[in-house]
Each structure stands twice: as C-alpha cells, then as structure tokens.
Amino acid sequence: MSKMHLEKNRLKNPLVHCITNYVTVNDVANMLIACGGAPIMADEAAEVEEMTAICDALVLNIGTLNERTVDSMMLAGRKASELGHPVVLDPVGAGATKLRTETALKLIKEIPMAVIRGNISEIMTLYHGTGSTKGVDASIGDTVTEDNLDEKISLARGLSKNTGAVVAITGAIDIIADGTAAYIVRNGHPMMSKVSGTGCMLTAVIASYVSANPEEMAGACATAIAAMGLSGEIAYERLMKSGGGPSTYRSFIIDAMGNMTSTELEGGMKIEVR
Amino acid sequence: MSKMHLEKNRLKNPLVHCITNYVTVNDVANMLIACGGAPIMADEAAEVEEMTAICDALVLNIGTLNERTVDSMMLAGRKASELGHPVVLDPVGAGATKLRTETALKLIKEIPMAVIRGNISEIMTLYHGTGSTKGVDASIGDTVTEDNLDEKISLARGLSKNTGAVVAITGAIDIIADGTAAYIVRNGHPMMSKVSGTGCMLTAVIASYVSANPEEMAGACATAIAAMGLSGEIAYERLMKSGGGPSTYRSFIIDAMGNMTSTELEGGMKIEVR
Amino acid sequence: MSKMHLEKNRLKNPLVHCITNYVTVNDVANMLIACGGAPIMADEAAEVEEMTAICDALVLNIGTLNERTVDSMMLAGRKASELGHPVVLDPVGAGATKLRTETALKLIKEIPMAVIRGNISEIMTLYHGTGSTKGVDASIGDTVTEDNLDEKISLARGLSKNTGAVVAITGAIDIIADGTAAYIVRNGHPMMSKVSGTGCMLTAVIASYVSANPEEMAGACATAIAAMGLSGEIAYERLMKSGGGPSTYRSFIIDAMGNMTSTELEGGMKIEVR
C-alpha cells in the first residue's frame, strides 16, 4: 500500500500551493521536489485563489503568520476546498499566542481540512480550544510515549471527529487517525529535532501524498510520515559514515527523500495499523 | 570574451540590490557572493531608492510579490534606471495569475530593463501579453528543442525589440538575444530542475555580470548562463563521485560557481553565436 | 570561564525570539539550535509581546526591515526589556539608508539593549548618529586592524557608555566592550566573508549565550564570538580535507558549532582581555 502511495505521488507530481513561513520555506520547496511533488509559494490575497486553482493541494502553515497572510490563507483555503483540493494545516505554535490559537481554530472552523499535522501540544490546543506550549516545540509533559499511546490516539480521533480531517500528531512516535483507522509510525531519529523545519517539510510532503492518493488519505498520510522518518534514519547512517553535524544532516535528509525508492520505503517503514 | 566577463565580474565585485522572493533569497545571496558579486536585499518603499543608489545593479523578481513589494519594485526600478544601473527582471510565474502577468507587463512598460530572464512560458506570456503556465515551471508544450530553436529565437528577439532588453529564455537549451546578436547556450544538467531556485540564482548572477560588463550586455548574459550551467555540470560530476541527492547537489552548484576559474569556464562553456 | 558559558548555554537551552530578516533566517534558526539555544520567529504586532514573554531573549535584526516589522520590534523590545530579557540588536546596514540609521537609533534610544553587535561601519554609524557604508558590508576604510585597535576599542566603549549595552564590533578582529572590560577575539577565517549571514547567525548565538550567562554578559558575548570564529576555523580545515566551496563551508560552520565541546572551545579560542 505504502509502496503504491509513493509511486503514485512520483507519477502524479502534484503541484502544492504553500502559504507558509519564511523560516523554512526553502527547505519546504526542496523537500517537496525531493518527494515527487512541486512547490508554488504565493501569499498575496489578490492572487491566491487563482494560484491555488491551478494547483493540486494547499498547505496552510502559520509559522510566521501576519494579518495579510491570514487573510490569504482564508481565501486560498476556501477556494481550494471548493475545488476539492486537499487542504493541509500546520498549526505552528498554536497555544503559544492568542493570535496563533485563534487563527488555527478559525481555519479549522471555516475550511474543511484534509489533514491537520502538528506536534502534540499544537493538536491538544486545537482539540481543547486553548493550550500552552513552549514556543514552536512540544511541551515535554505532553510527549507521546508507549504508555500513553491509547490516550493520544483518542485525542487524534477526537479532533478528527470534530473536524473531518485526518489528524497527525508527530514526534518520537507518530499517530495518524481518521474516523475509522489509526496508524502508529515508529520511524525517525532523535537528531531530526536538531534541524529546524522538519515538521514544515513533512506537512508539505503529506499534502503531496494525500493529493496523489485521495482515496486513501489517512494511509497516504501515514506513508508520507514514514517516508520522512525513514529519510531521517538513512541520513543519520550516512552522517555517521561521513562525519558532520546538524547542517549536513539536514541536507542528507532531503537527499534521502530524493533518492528513496518504493522498495526502500517498503523495507524500512514501521507502520502499525490499529 | 567569456573569460573576460568572469574576470571583470570578480574584479568589480558588483553590489546587486535584490527585491526578490523569500523562497530562494538565501541561495540568491550566497550564489551572488560565489560568482563574484555582493548582495543587498531591501524591499521597503521608504528605503529602496536610497539603497539602489549605492548599488551597481538591481534584480526584480516577482516570485512572492505582494502589493507592498510591487510598489517598491517600481520605485527602485525607476531610480536604478535613472542612474543607469542595469535592471534585471525575473518574471516568476508570469502567466500563472493575473497579478503576476500584469505586474510583469507593468514593470517592463515603465522601467527600461537591461535583461529579462525567464523560462519559455514566462517569456511567451510577456511577448503575447497573456499566457498560461503550470505554476512557476515552464509548460511542457512550450519547451525549447533543437527543432523549434529558430522560432524561439525569434520570440526572444521579438520581446527584445519591444522592450530594448536582452532577453534570456532558459531551460534545457538557453537562448539569449538582443536586437542584433543571439546566443545559444547548451550547458547545464537535467538534475538542476530538482533544485528550487536555480532560475532565481541565475538571474542574480546575470545582474552581476552585466553590471561588470556594460559594453557587452548580451554576451555577458550568455557567459553568466554558461557559468551557471557549467556549475551544474561540475556539481553533478562531484555528486556522482561522492554520493548524495538534490540538497547536496544544490550546495555543490554554489560551490562550483565559487570555485570557478576563467580557464575552467573557457574550457567548459558551450556558447554558440547565431 | 568560556567553558562555563558554553556549558550553561547548552544546559539552559534558551528560547530566543528573533525578529530578523528573511534572507538568513533559516541559517539563524539552525545555528541557534546548533549552539544550544532554540529559535522562535514571530513578527506580527498582534503576537510579539505575548511570544517574547514566553522566551528567554530577543534578537532585533533590521536586515529586511519594513514599517510593519519595525513596529513589532518596538513592541517586542519594550516587553522583553520590561521582563528583564536580554535584547540584542543587529543594526544590519545602518548607515546605508536613512530608514536603517534612524530605526537603529530609535531602537537603541527607546529599548535598553543587552548587546549591540555590528560591523565597524554600523557601530560607527550608531556612535556618531550618522554614517555611510557599502550596503551591508563594512567599508574598507573603517576596518579594524592591530594598528587602530585602541581607537576602535574606545569607539566600542563610547557606544557602550551611551547605551548601557555590551558593544561588539565584529570583523577580522573582534572587539567586545562594556563600561569596564574589553575583549579582543582573534578567531575566525577570511572565508567566512564568502557566506551570507554569518553576522546574523552570530547575533543569535550571542543572544542565547548572554541569556544563559546573565551575570557575565560581556564575557559570554566574547565566548559566543570566539565559538563562532572557531567554528569557522574548524569548518575550514574540514573543507580543505573534503573539497568544496562556499556552500559546503556554510554547512560545515553550522556543523562545527553543533559538535563543539567546551574542551574544544577552551583549546581553540583566542580571547584577549584588555
């Protein structure tokens, strides 16, 4: 199944419109190309509806939101959803400020999301309608562990029920849930937390994958997350052989995604279906 | 000739003011330094005229245009042209949205451009005053091939005649034309399409080269394009030896430009004069 | 002492709010993580006070300032200073345009800065209240040399006296001064000037270090500068062994900061106390 998700994504080469933050936008663009998609960034209200109309999917990432771009997100989100394009939300820092929490809540209220991907603190904030987090990283107290996994799956299911979206909670252990299925992904490497923007990159990869596999959104989302985690693992092995640190590692992650074959993915992915 | 263009560029170290998109801006800055120029980014209306006045050339790139920055582009463009600085336009995504098409058309109408560099779809849009394109990449139906080369050269010449600018159509085969000469450049590597921003980087390199070689704008533009393509070839060879994927390749392209000698360029460039 | 600064920084893992330019922001984020801090970027007036309140330090970098973000800098700066968080100013391009000079002067007038870090031209502009510079690089005539070192230390001391901030002038030789002490740092490598954003990255590292070592701000600032320079030296050695150019070098600098131990720093730093 995952093999097919990767192959379809490379075959369809989805064009993904991203309204995203300026911190990690270049890595998002290059990771999108690496995974098999294609990026377009456009955030001006006067053009976002027209731009999103020629695309296959839309990413809304609130990492450096401002009044102007939030308006553009609303416009693009409505148009994309009207056209049946999957919209993927990355609620960066929801819970950290009122503006981020309210913007994220407004976006999920007014736009039917295909996927919402965040860390555990961000997803808890969206579920409870309020929250707190240490900036853009998950609060340590919230971490998903093997012990509290069932509880966190329920959380993902709850937000999925409320929104209709596939909900992905990513971290050391990843949870993907929709109304019926839940997937646990155990790929990845701790050093990925030393690279800024792995979450933003992943969100864009998810948008590409779900666009190419619309009949299996939750499954394709799990595959995208496994592919990203596996890229981190492959990159880490290469880093250990060649030497280097976090910046070389960042490049190696994108390289690994660019070189990944469906056979490699099938052999390395660790997806559990619950 | 090309050898001299590179040497003059390194010697003069032109300061290039860039009003450019936030997706690829860091690669543009580093590529400018690598080629022998120096970058300044400034996009606020209140300062762009003053900033461009202390520079040697101006790049206008509409990749993530917005109302505010389009105003700044007009102000900076008029001032630079008034001072005799070469202005280089990169009409990213012209044809994809009305805003982009109209902005690009307005810019070439009101500001005398030294060079316009785009992919074939963007240049066709500027020539015909309307167009369509798949986002920021050229439409496949428009691709420049050995078979339709004469027709595409005519297009470049036509836009050059209408605007007074050197027109560069870049892709697998590159065309550079002004009112009198036309150059065909056959450097580059297909893998360059796996790196976001090679076009934006090239535009900035062109601005640096034409600023350092004002008496031979079209020739210097062709040299800059050959240097970029050759960087892609050298980087690819290095990538094949060392292993890696698209992100490593991106770094290697900038490295190759940084290390390029005029002798290396002369030996590797493939410029045909027509 | 420096050893302790590094260790405390890694231990405290300060959260640094950056209102910074979009050219080098990704490198700033990754360098902050590499040094032991954590980045948050947020520049919208509606959220910057709330965001800075959950952080440990604030960076104000005017590299691509605009009207909207200058307002946000004022709001965030006042709030951070009210809360006793160190605020670090990077007056990129002060002296190049009236807007930059006036903004930098306004910021140091209204917000008590913990550290001001700039190149010699920028610091001279802030000291004299006016100035001229070739864009974002220091003017050659101003360069700090062994011959004029005393004079430049006096300049740093003068600006420190006027503002209450630790003043850091960075270049081939670095000067750090507050009201009482002065440090000269002789780490670094000339090739660092081939990488865009080393100054911006350094400013963020300084913010992290002074936040983790509030009782020794000037000393911690000197340590941060030595750590950055040493990273450039280590990266250069690695570059000479592995081959590559400016983009590989950029990655290696971040890698070196990420891998740096306190023992390595102690062995390699060249800090003179005056």
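**Chain A overall and the sheet of chain C**

Roughly speaking, chain A exposes about 9000 Å² of accessible surface, with carbon and sulfur atoms holding 53% of that (Shrake-Rupley method, 1.4 Å probe; for residues, only the protein chains shown count as cover). The model is a predicted one, where local features need pLDDT of at least 70, side-chain atom pairs count only at pLDDT 80 or more, and totals for chains, interfaces and linings use all residues. Residues are numbered from 1 along each chain as its sequence is written, chains are lettered from A and ligands numbered from 1 in the order in which they are written, and side-chain values use heavy atoms, leaving out hydrogens and water.

Of the 274 residues in chain A, 65% count as buried, meaning under 20% relative accessible area with a 1.4 Å probe, protein chains only. The C-alpha trace of chain A spans about 50 × 40 × 35 Å along its principal axes.

Over in chain C, an open sheet of 9 strands runs in the order 2-1-3-4-5-6-7-8-9, with mixed pairing; strands are DSSP E runs of at least two residues, numbered from the N terminus, and two of them pair if DSSP finds at least two bridges between them. Strand 2 (38-41) and strand 9 (271-273) of chain C sit at the edges with a single partner strand each, so one side of each has no neighbour in the sheet. On average, neighbouring strands are turned by 20° against each other, direction ignored, using axes fitted to C-alpha atoms. Inside the sheet, strand 3 (residues 57-61) and strand 4 (residues 87-90) of chain C run parallel and are joined by 4 bridges. Leu58(C) has Val87(C) as its bridge partner in strand 4 of chain C.

Definitions and conventions
Axes fitted to C-alpha atoms, helices over the stretch in contact; angles between N-to-C directions. Buried < 20%, exposed > 50% of the residue type's maximum accessible area, 1.4 Å probe, protein only.
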